[in-house]
Amino acid sequence: MGRPAVTQPFTTVEDLAARIPDGAKVALAPDYSGCSMVTVRALIARGARNLHLVGVPSVGFQGDMLIGAGCVATLESAAVTLEEYGPAPRFTAAIKAGTLRMIDGTCPAIHAGLTAAEKGIPFMPIRGIVGSDLLENRDDWTIGRDPFGDEDGPIVMVKAIRPDVTLIHAPLADRQGNVWIGVRREMMLMAHASRQTFVTAEDIYDGDLLADPRMAAGTIPGLYVSEVAEAANGAWPVGLFGQYGADEAHLRDYLKRARSDEGFAGYLDEFVFAPRAAE
Amino acid sequence: MTADFLPEELLIATVADMLQDLDHVAVGAQSPIPGSAALLARARSNGALRVSMLGSEANSPFTDGGRELFDCAAQGRIDAFFLGGGQIDGQANINLVGIGDYPETKVRFPGSFGSAYLYFLVPRVILFREEHTPRVLVPKVDFISAPGVSDEGTYRVGGPHALVTGRCVFDFDKAEKRFRLRSVHPGHTVEEIREQTGFDYDEPDDAPETPAPDAATLDLLRGRVADEVSERYPSFAARIFGAANAA
C-alpha cells in the first residue's frame with residue numbers, strides 16, 4: 001500500500017499571481033530563505049493592490065519592490081532589510097510619504113502569532129517585549145498574567161496571525177505537491193499557519209519526497225500546499241539557500257535606481273513590464 | 001608606541017575579551033565585527049565556545065527555522081548576543097525603528113528585529129555601535145524598540161552588559177541604570193567622549209586606555225578568524241584582513 005498517486009497538475013507563475021487577490025494577507029520569507037521573486041514580478045505586472053504583507057519575520061527585496069510598485073497597503077514585519085546593500089529605498093520612501101501602514105513587530109512575536117494559527121488557537125504568550133514602544137502601538141498584542149501562578153510577572157500575548165496566502169520559492173517539489181525546504185523551516189510554519197500556500201519550485205523531484213525519510217524531514221507535505229509552479233531561477237536576483245547566491249551586481253543596480261521614483265519606474269519597465277510585453 | 005593594528009581589530013579583540021568562559025554566543029545579521037569577535041573567542045577557547053551566526057551556513061546549528069534562535073534564548077541556552085541601535089540612550093534603551101514622532105518618523109530605520117525579546121533573555125547583551133556621536137548616543141531614544149531596564153517583577157534574565165563604540169567601552173551598571181566609562185580607545189580622549197556622547201554617564205578619575213590586541217591575538221585574527229569570517233562576510237574580511245595581511 002502507499003499514498004494515492006495523486007498527480008497534481010502544476011500551474012504557472014501568472015496563475016499564482018492571479019490567485020492572490022487584492023487585499024490578501026500574504027506571508028513572505030526573508031531574502032536568506034525562499035523568495036519567489038518571479039511571482040513578485042508577476043504580482044507587480046498584474047497590478048496587485050492593497051496587499052497586507054507579513055514578513056516572517058522580516059522582508060527584503062520582495063517587500064521593497066512590492067511596496068515601490070504600489071501593491072502594498074499594510075506591512076507587518078520585524079524589519080525591512082536589504083542587509084549589506086543598505087536601507088530599503090522604496091520602503092523608506094513610502095514611510096516618508098505616508099502611503100504605507102507599518103505594523104512594527106519583533107521576530108519571535110511574528111513566529112508566535114503564526115504558531116498560534118498553526119495550533120488553531122487565538123493567541124500565544126511570549127517572553128520579553130514588556131516596556132517596548134512596540135507594544136504601545138499594537139492593538140493585537142496585550143499583557144496578561146500566568147494563570148497558573150504569578151512568579152513571572154506580566155506576560156505579553158500576541159494574537160494569532162493567519163495569512164491568506166504563503167508565497168515561497170523552494171528548491172524542490174514533487175508531483176504530489178510535496179515541497180522540500182530543508183532546514184529553512186520557517187516556511188513550514190508559514191504553510192501550517194496559512195489558508196493557502198503557493199510555491200514556485202526550482203526543480204521537480206522525480207518521485208515522492210515523503211517516501212525517503214531523509215527528504216521527508218525537510219518537506220512540507222502536499223496537504224498544506226495549494227499550488228505549485230515550476231520556475232527555474234525563481235529566486236533571482238536574491239538567490240536561494242544551498243542553490244545559488246544573490247546576483248550582487250543586479251541588486252546594487254536596483255539600489256541605485258530605486259533611490260528615485262523615476263529610477264524605480266525604469267527598473268520595473270526593464271525587468272517586470274518589458275519582458276512580458278515581448279512575449 | 002603605536003602598534004600596527006586597525007581600529008576594527010581593536011574592536012574585535014575588545015569584544016572577544018567579553019566572551020571568555022561562555023558556552024554559546026549567538027550573532028545576528030549584519031554584524032561582521034561582533035561575528036569576528038565571537039569567532040576569535042571560539043578560536044581561543046579551543047572549541048569550547050559554540051558560535052551561532054545567523055545567515056551562516058558553516059556556523060549555524062539551527063534546523064527549526066527562524067524561530068529556533070528565539071526559543072533557544074528563552075530556554076537559557078544562549079549566553080551572549082549583540083544589539084545595535086539607530087539611537088541608544090543613557091538607560092540603554094535602543095531604537096531600531098526611527099527618528100521623530102512614530103509612526104511619522106523623519107528617518108526610518110529597518111526595524112526592531114528580535115531586540116524586544118532577546119534583550120530580556122540573553123544574560124550578556126553587548127551593545128555595539130561604531131558611530132559614537134550625539135546623534136546616536138542620545139539622552140532619550142525617540143522610540144523604545146527594547147528597554148534597557150525593566151520594573152521589578154518583570155521576567156528578565158538578560159540585559160545590557162556593555163556598550164562598545166568606535167571611541168570607547170562603557171560598562172552598564174544595572175543597579176544604577178547608567179553607563180560607566182570603562183576604557184578609552186587609543187587615539188581618543190575622555191574630553192572628546194564627553195563631547196560626543198548625548199547622555200550622561202559616570203567616569204572614573206583616570207580612565208585607562210583600551211588594551212591593544214597582542215601579537216598572538218593579531219595572528220589568530222588575521223589567520224584563522226579572517227578565514228572563518230569570510231564565509232559570512234566576504235567583503236568585510238577582504239577589506240579588513242586583506243588590508244591587515246598586506247600591511
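Mentor: Two strands pair if DSSP finds at least two bridges between them. Keep that rule at hand. The model is predicted.

Trainee: What makes strand β8 (residues 124-129) of chain B a partner of β10(B)?

Mentor: Count the bridges. Five of them join β8(B) to β10(B). The rule asks for at least two, so these strands pair. They run parallel. In this pairing, F128(B) stands opposite V164(B).

Trainee: What joins β10(B) to strand β11 (residues 168-173) of chain B?

Mentor: Three bridges do, and here the strands run antiparallel. At least two are needed, so this is a pair as well. V164(B) faces V169(B) in β11(B). Between β10(B) and β11(B) there are two residues, and the strands form a hairpin.

Trainee: Why is β10 (residues 160-165) of chain B called mostly covered?

Mentor: Five of its six residues are buried. Buried has a cut-off: 20 or more other C-beta atoms within 10 Å. Five residues of β10(B) pass it, so the strand counts as mostly covered.

Trainee: How many residues of helix α2(B) are buried?

Mentor: Eleven of 13. Among them are P32(B), I33(B), P34(B), L39(B), L40(B) and R42(B). Each reaches the cut-off of 20 or more, so each is called buried.

Trainee: How do you know what span to expect for α2 (residues 32-44) of chain B?

Mentor: Take 1.5 Å times one less than the number of residues. α2(B) has 13 residues, and the expected span is 18 Å. From first C-alpha to last, α2(B) reaches 18 Å, close to what is expected. After α2(B) comes N46(B), with a positive phi near 55°.

Trainee: Now chain A. Which strands form its open sheet?

Mentor: Three strands do, in the order β5-β7-β6 (chain A), with antiparallel pairing. β5 (123-126) and β6 (141-144) of chain A are at the edges, as each pairs on one side only. Neighbouring strands are turned by 30° against each other on average, direction ignored.

Trainee: What makes β5(A) and β7 (residues 155-159) of chain A a pair?

Mentor: Four bridges, in the antiparallel sense. The rule wants at least two, so the strands qualify. I126(A) stands opposite V156(A) in β7(A). α5(A) packs on this sheet and touches β5 and β7 of chain A. The direction of α5(A) makes about 145° with that of β5(A).

Trainee: Into which domains is chain A divided?

Mentor: Domain 1 is 13-122 + 161-273, and domain 2 is 126-159. Their C-alpha centres lie 29 Å apart. Eight residues of domain 1 and six of domain 2 make the contact. Helix α5 (residues 107-119) of chain A gives the most to the domain 1 side, with four residues.

Trainee: How many residues of chain A are in contact with chain B?

Mentor: 38 residues of chain A meet 35 of chain B. Contact needs C-beta atoms within 7 Å. The chain A side has 18 nonpolar, eleven polar and nine charged residues. Elements that each supply at least two residues include α4 (89-97) and α7 (186-193) of chain A.

Trainee: Last one. Why is D152(A) called partly exposed?

Mentor: D152(A) has 14 other C-beta atoms within 10 Å. Buried takes 20 or more, exposed 12 or fewer. The count of 14 falls in between, so D152(A) is partly exposed. D152(A) lies in the loop between β6 and β7 of chain A. Leaving out residues up to four places away in sequence, D152(A) touches D146(A) and Y155(B).

Definitions and conventions
Residues are numbered from 1 along each chain as its sequence is written. Chains are lettered from A and ligands numbered from 1 in the order in which they are written. This is a predicted model: local features need pLDDT of at least 70, side-chain atom pairs count only at pLDDT 80 or more; totals for chains, interfaces and linings use all residues. Domain bounds come from an automatic or database domain assignment. Two residues are in contact if their C-beta atoms, placed from the backbone, lie within 7 Å. Ala, Val, Leu, Ile, Met, Phe, Trp, Tyr, Cys and Pro count as nonpolar, Asp, Glu, Lys and Arg as charged, and the others, Gly among them, as polar. Axes are lines fitted to C-alpha atoms, for helices over the stretch in contact, and angles run from 0 to 180 degrees between N-to-C directions.
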